[in-house]
Amino acid sequence: MSQSTELDNAGDAEGRPVVNYLNHDRGVMSWLTTVDHKRIGVMYLVSVLIAFLLGGIFAEAVRLELLTPDPTIMGANTYNRMFTLHGAVMIFLFMIPGIPGVFGNFCLPLMLGAKDVAFPRLNLLSLYLYWTGATIALAGMIMGGTDTGWTFYAPYSTTTPMTVFPVLFGIFILGFSSILTGLNFIVTIHTLRAPGMGWMRLPLFVWATYATSIIQVLATPVIGLTVMLVGIERVGGFGFFDATKGGDPVLFQHMFWFYSHPAVYIMVLPAMGVVSEAIAAFSRKNIFGYKMIAYSSLGIAFVGFFAWGHHMFVSGQSTFENGAFAVISMFVGVFTAIKVFNWVGTLYRGAIAVKAPLVYICGFLFFVVFGGMTGIAVATISLDVHWHDTYFVVAHFHFIMVGAVIMAFLIALHYWFPKMFGRMYNEGWAMVAAGFIVLGFNATFIPQFLLGNAGMPRRYYMYPERFQALNVASTAGSSLLALGFVIILVYLIFALVRGPKAVDNPWGSRGYEWMTTSPPPKHNFHEQPVITQDAHSYQNPGEEVEHVVI
Amino acid sequence: MSSSEATAHAAPGRGDPHLAHHFDTQDQQDGAVRLGMWLFLGTEVLLFAGLFLGYTVYRHFFHEAFHECSRALSLPLGTLNTVILITSSLFVALAHVAIKQDKQKQAAGLLVLTILCALAFLVIKSFEYAHKFEVGELPGKWFSNPEITAPGANLYFTVYFLATGLHAFHVIVGMSVLAWVLKGVLKGKYGPRNNVAVELGGLYWHLVDLVWIFLFPLLYLI
Amino acid sequence: MANSANATNNDGGHGHGEHSHGIGRYIAVWLALLAGTALTVITGRIDLGAGNIVLAITIASIKATLVVLFFMHMIDTPAANRIVFVVSLVFSLVLIIGVFGDLWTRNEMSLPSGAPSTLAPEIQVPGTPAAERPAEH
């Protein structure tokens, strides 16, 4: 059942269609009222990039303040607001909607051979909810700011005189957005697969998104309730988390981390999915251990729900629970290691194409192993008592959040840029930026491990002079990192406007999303695709290996 | 699980106004919508799980207060509300049966009955709330009933008001959904082959009933 | 997979099945639910010690199962829908049991069991003068 119209079939000089999802309809309203998953994905891209820019500016402000032991550019209260802003914006506005919202929306239906997600209008609603939540949360930050950190621990969050309520309300609404996206993806994967696509032929990004969506659907309601309870506590004094009225503040941490630990996997699993896609494409080799990668995504999602207590080793949680959560946390390491071995196995003896995304892939592998190993370390109770609330933990989760997730975001952005916009970016500049980012990242966060181990607590405004050298190193690294991002922004915008037109499949990828034109037509495919081979198969028995020069 | 079966179903319904462009058949679309609804119900379960957790925690800490306070609620009103909700669940289930048999008027009547039940539930609930305000059985810092002296009574009423309040909110939402379904039924939008909206409105309503089935004994009886 | 499951569900059998035993089954479930309510009310006010809560939750679970299976058609819905709902229940239990495990084994000092008397609306805890706590209005 072809959706093609005569207009779609009109081609340019190379016989490629000139009408695609980007230009079939013009004007701001045609974007704001669209239900096309590709346009929604692009709008998410713009939104999360703005959030990333904001979060990045706040991060740089924090790093700049920590350049010297004494106050430099801001007061203590502003500093508290800054790190809260940085955390909240990065987590709730960039990380969680980032890869699923942008690349999930854009690629998932294409990968499934579907014309759209299952509920296109709901999809648009979730974007609008994202905008609403983001606006409310940011308005709260401007109106007075919040100084609780992104974790909103009670009883401080229920008693601080700063403006907390709008931020909580914004997060509540963002939660709805996240739930609706997850729900939509699960239903899409269940019901809209192309003919011939069984579960064991799903691309690995789809598997990762599936696992992510399960977490989004199951865990997000609990954070919604939790922030609501904190809000009610502030306004109504219900005493739910207030020890002076018999409430239990540790209960807040349980409820918060029941969401927020799995939320780490909401951020990381799609990143792992992106890497699984790109690593096969750039080593031109069948993915190694397809089933193991697919199942380990589900495994991480599952185990992630049983590990929340490892954030609470020093909170007064019982010793028994500490032990139980510590042991269960180790399983996350097992599943992650399965993935890493399979990725490395995919690279082994592949026809590796050293392009910018591959540089990020290598960075990703290092960061995820290093961040993962330190994660195992901080999930060990005896070590965590020493490292808890120090820069060691900060460095650990930035290795995962920035090191893994942002590398994957950049892989996805570069790998799917020609797919989304039909243009190529400048490879030379991309390599330069990749170098800056990988190096800058190490320079920023490796000193923080040392700082934390030496005893510097996180979220502190001033510090003893003996920590200064490492802090200077970290701040210097963060400027390298920032420079890398600025370069990326410049050459991508340039590519968008002036870049050379990309061919339909510039990477010679076997990903299903490349079966259609780049950029895709309005309804994704001119003809309903039929899947005849497994995902990521670059060498099929009896088929000559294709050598695409990329 | 071969997915080749999926292709076996050709698309007879192309051009059907109820069928969105990205689905091939009405069955596929209905299946998708049902799965979406169940996922949504799953999120609701976890939302209430947080409050049940609060109940469990504070009942564990303040066992006596919870026992004493549960006696302060009106058991006849609570029981009446339970019966009303269970009966309304029956009505909405029968409404779905009726629409599947194309008995439009019967379905509309049953939906009206369901909405009336919901309204009755809310009215009774508001009487209960009013009484609580009178005697000062209120959450957290507002608690001021001198007759209940066990420590933790204020937390019982915190849990009570949060749980029943959130549930009452769901009753209101459910009423609105059912009113919207009723409007569709009156317009003749649904029939034997096209009634998934009635079914899903009913599913939501059953969930509201489901939550109350647990809230009732926990709050009123033990 | 899901497609085919849904398709069989709608290939006529669904509608006809309802016709023959649908209404009767609903009424039977409704009566059972009313009976369960009566039972839980009667036993609820008899003092059975710890038995009360066990009994109440058992009855509530049976009632809920009836609602889910028959009113919500879980009994003949595609497997995916069933899994979704069951999984959400399982993870609710994970949340409750996970936290409860902490309460049961927690160090005495970390428990809020030295809970204040409920007589005064604003409670003062030793070491925290009420005036110092920031108030929000």
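The structure is a predicted model, and the values below are computed from it. Its largest nonpolar core has 287 residues, while the contacts between the two chains involve 33 residues of chain B and 37 residues of chain A.

**The nonpolar core**
- Within the largest nonpolar core, the residues with the most contacts are A:V275, A:V405, A:A408 and A:I411.
- If neighbours within four places in sequence are left aside, A:A408 is in contact with A:I99, A:A271, A:V274, A:V275 and A:F364.

**Helix 9 of chain A**
- Helix 9 of chain A runs over residues 249–283, and its 35 residues reach 50 Å from the first C-alpha to the last, which is close to the 51 Å expected at 1.5 Å a residue.
- Helix 9 of chain A is mostly covered, with 35 of its 35 residues buried.
- After helix 9 of chain A comes A:R284, which has a positive phi, near 45 degrees.

**Where chain B touches chain A**
- On chain B, 33 residues are in contact with 37 residues of chain A.
- At least two residues of this side of chain B come from each of helix 1 (4–8), helix 2 (26–61) and helix 6 (153–186) of chain B.
- Helix 2 of chain B gives the most to the side that touches chain A, supplying 15 residues.
- By residue type, the side of chain B that touches chain A comprises 15 nonpolar residues, 17 polar residues and one charged residue.

Technical notes: Residues are numbered from 1 along each chain as its sequence is written. Chains are lettered from A and ligands numbered from 1 in the order in which they are written. This is a predicted model: local features need pLDDT of at least 70, side-chain atom pairs count only at pLDDT 80 or more; totals for chains, interfaces and linings use all residues. A nonpolar core is a set of buried Ala, Val, Leu, Ile, Met, Phe, Trp, Tyr and Cys residues joined through C-beta atoms within 7 Å. A residue is buried if 20 or more other C-beta atoms lie within 10 Å of its own, exposed if 12 or fewer, and partly exposed in between; C-beta atoms are placed from the backbone. Two residues are in contact if their C-beta atoms, placed from the backbone, lie within 7 Å. Helices (H or I, at least four residues) and strands (E, at least two) are DSSP runs, numbered from the N terminus. Ala, Val, Leu, Ile, Met, Phe, Trp, Tyr, Cys and Pro count as nonpolar, Asp, Glu, Lys and Arg as charged, and the others, Gly among them, as polar. The expected span of a helix is 1.5 Å times one less than its number of residues.
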